[in-house]
Amino acid sequence: MTTQAFLQVIASGLLLGLIYALIAVGLSLIFGLMDVVNFAHGEFLMLAMYATFGLVLATTLDPVVLMPLVVALMFVLGVSVYAGIIRYAMRAKANPGMVQIFATFGLALLIQGLAQYFFTPDYRNIANTWLGGKTLNLGGVFLPWPQIFGGAVSLAVFAGLYWLITRTDFGKALEATREDQGAVALVGIDRNRVFALGWGLGAALVGIAGAVLAIFYYIHPQVGGTFALIAYVTVALGGFGSIFGALVAGVIVGLVEALTTLILPASLKSVGVYSLYLLVLFVRPSGLFGRL
């Protein structure tokens, strides 16, 4: 293999890893806040992609322009899911953890079933976007502009999250609730309001990822499952609840997946990722940056 080809693989893996991190960070945020694994996370991603597709058809605007609207819609969805389902699941007096798991898993099945009914199983894509089909040539290393845009958005999102958590009152309330859900009520913080906003923020983050993916990836009812499994591995590898861990783990997953294709057929590209995860699981069960 030539140096140029190796650099192509590394660059592609890095950009893909940043997108994986963007998909996973909302899942990590919700778990860190509430100790709840959202098994409908992939379906949220799928809804964001369909929302982008539908808005493009309705307005003829580019997905990049429509991204803020998709994010706003997903934020409302996240708050609604918490208020209508998760809040009650958390009140279960027996096995609340299992109730929460089955509640989000059932929600995932419901969303996917409705998507198949209303949208049909057909594959769809958004044609003629600003970035679609365009590449950047860096000394013989070709980088698709949609993936470059996705990587840049991912870095901007993580920078924004860092600012939100460290520089705003909501971020401080979020961190306080993560640390001790019971004690925050003593200082006047409404735990339910923080949880609702946290779910809204988590859904908004996956909405950003969905709008980015809709630019260059096929849209269909099962698309969420394709990325959800990678998101779970990314969150577990980085450490459940660690936002920084999601970023690092996403990049690692993308690079390992890309490098695996140098050794194994492309159909087995996930073997390297899951092998790495099992290795980390044996050495550090809490993940690279986890505190469990």
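**Group meeting: a helical chain in a predicted model**

The chain contains 10 helices and 2 strands, where helices (H or I, at least four residues) and strands (E, at least two) are DSSP runs numbered from the N terminus. In sequence order the pattern reads α-α-α-α-β-β-α-α-α-α-α-α. The chain has a radius of gyration of 19 Å, close to the 19 Å that the globule rule gives for 292 residues, so it is as compact as a globular protein of that length. That radius is taken over C-alpha atoms, and the globule rule is 2.2 Å times the number of residues to the power 0.38.

Before I continue, a note on the source. This is a predicted model, in which local features need pLDDT of at least 70 and side-chain atom pairs count only at pLDDT 80 or more, while totals for chains, interfaces and linings use all residues. Residues are numbered from 1 along each chain as its sequence is written, and side-chain values use heavy atoms, with hydrogens and water left out.

Let me turn to the overall dimensions. Along the principal axes, the C-alpha atoms fill a box of roughly 60 × 50 × 35 Å. The chain exposes about 13700 Å², of which carbon and sulfur atoms supply 69%; these areas come from the Shrake-Rupley method with a 1.4 Å probe, and for residues only the protein chains shown count as cover. Of the 292 residues, 47% count as buried. Here buried means under 20% relative accessible area, exposed over 50%, and partly exposed in between (1.4 Å probe, protein chains only). Among contacts with a separation of 6 or more, 76% come from residues 24 or more positions apart, contact meaning heavy atoms within 4.5 Å.

How do helices H1 and H9 pack, and at what angle? Helix H1 (residues 3-34) and helix H9 (residues 243-260) pack at about 145 degrees, with their axes 6 Å apart. The axes are lines fitted to C-alpha atoms, for helices over the stretch in contact, and angles run from 0 to 180 degrees between N-to-C directions. The residues of this contact divide into 18 nonpolar, 5 polar and 1 charged. In that count, Ala, Val, Leu, Ile, Met, Phe, Trp, Tyr, Cys and Pro are nonpolar, Asp, Glu, Lys and Arg are charged, and the others, Gly among them, are polar.

I now follow the chain out of H1. The loop between H1 and H2 holds Asp-35, which has a positive phi of about 60 degrees although it is not a glycine. Asp-35 is exposed, at 51% relative accessible area. Leaving aside neighbours within four places in sequence, Asn-38 is in contact with Leu-27, Phe-44, Thr-104, Trp-199 and Tyr-232.

Within helix H2 we find Gly-54, partly exposed at 32% relative accessible area. Gly-54 and Ile-126 are 72 residues apart in sequence and 9.6 Å apart in space, C-alpha to C-alpha. Thr-60 has a positive phi of about 60 degrees although it is not a glycine, and counts as exposed at 69% relative accessibility.

Asp-169 counts as exposed, at 65% relative accessibility. Asp-169 and Gln-147 are 22 residues apart in sequence and 33 Å apart in space, C-alpha to C-alpha.
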